Amino acid sequence: MPAYKHYSFDLWLTLIRSNPLFKKHRSVFFHNHFNFKYIPLEHVEHIFRTVDIMCNGINERTGKNIDAEEMYLMVISLMNENQVNLHDIDVPALYQQMENLVFDYLPQVYCNSTAAVLSNLKMQGFTTNILSNTGFIKGVTLRKVLRELDIDQHFDFQIYSDEAGMSKPNPALFQLMIEQAMAIKPLELANILHIGDNPRADVAGAQAVGLAARLINSNNETIVNLTHHETPHLFPS
């Protein structure tokens with residue numbers, strides 16, 4: 001059995017999931033405040049999905065990061081057929097509105113076992129981190145979200161793509177995580193396991209720098225299956 005001593009976790013769809021009411025009310029907000037062409041709400045929702053998928057794909061392909069403010073401006077521009085003066089948009093105020101909305105409709109811990117597994121990892125003396133790509137919600141907000149969900153104490157450090165200026169599967173982002181993990185305690189690459197739901201960003205990205213990786217939630221594995229398989233004593237039945 002591999003001697004893992006450090007566990008690196010993706011965030012979205014690995015440890016937490018979006019509150020569906022957040023996306024609905026976000027679209028309503030944009031429909032009410034930036035809808036100068038009077039398009040239907042369903043069209044606004046479609047534009048959000050389009051921008052989300054497009055920017056995520058670009059970030060994964062380039063290894064760079066398109067920031068939340070840019071994504072929101074893309075949505076406003078597309079809503080208005082690129083015929084809106086973006087200089088008139090108070091971007092900091094807009095993002096603050098979106099952060100407020102995040103806490104009105106808080107993301108949810110992915111499953112009932114998530115917090116218990118993370119707690120057991122820490123109790124056994126393992127170190128852990130978050131390594132997450134971001135989109136419409138910045139790392140600074142996600143740190144607050146994890147505090148609100150009462151799981152932030154389970155992580156030794158958190159790395160977000162918007163703060164680092166690069167996205168998974170960029171090898172440099174994984175190297176940054178490795179350096180921070182090794183600064184806590186001596187580790188070999190073989191001692192680090194990265195866990196996530198994305199085969200390209202998480203699994204292929206980790207393996208490209210010599211790390212072990214496990215896919216959960218997007219396949220038939222869960223965080224409980226993972227800990228049973230890797231370290232059975234962490235989460236006994």
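Tutor: Happy to! Two strands pair if DSSP finds at least two bridges between them. Keep in mind that this is a predicted model.

Student: How many bridges join strand S6 to strand S7, and how do the strands run?

Tutor: S6 covers residues 192–196 and S7 covers residues 212–215. Pairing takes at least two bridges. Here the strands run parallel, and the bridges joining them number four.

Student: Which residue in S7 is the bridge partner of leucine 193?

Tutor: Let's look at the S6–S7 pairing, where the two strands are parallel. Across in S7, the partner of leucine 193 is alanine 212.

Student: Is methionine 74 buried, partly exposed or exposed?

Tutor: Methionine 74 sits in helix H3, residues 68–79, and touches Val51, Met54, Cys55 and Ile66, leaving aside residues up to four places away in sequence. Buried means under 20% relative accessible area and exposed means over 50%. Because its relative accessibility is 26%, methionine 74 counts as partly exposed.

Student: Which side chain of opposite charge is nearest to aspartate 162, and how far away is it?

Tutor: Aspartate 162 lies in helix H7, residues 161–164, and is buried. Its side chain reaches the backbone nitrogen of glycine 139 at 3.1 Å. A salt bridge needs the charged atoms within 4 Å, and aspartate 162 has none. The nearest side chain of opposite charge is lysine 138, at 6.2 Å.

Technical notes. Residues are numbered from 1 along each chain as its sequence is written. This is a predicted model: local features need pLDDT of at least 70, side-chain atom pairs count only at pLDDT 80 or more; totals for chains, interfaces and linings use all residues. Side-chain values use heavy atoms; hydrogens and water are left out. Buried means under 20% relative accessible area, exposed over 50%, partly exposed in between (1.4 Å probe, protein chains only). Contact means heavy atoms within 4.5 Å. Lys and Arg count as positive and Asp and Glu as negative; His and the chain ends are not counted. A polar contact is a pair of N or O atoms within 3.5 Å; within protein, one must be able to donate a hydrogen and the other to accept it, and residues adjacent in sequence count only if both atoms are side-chain atoms.
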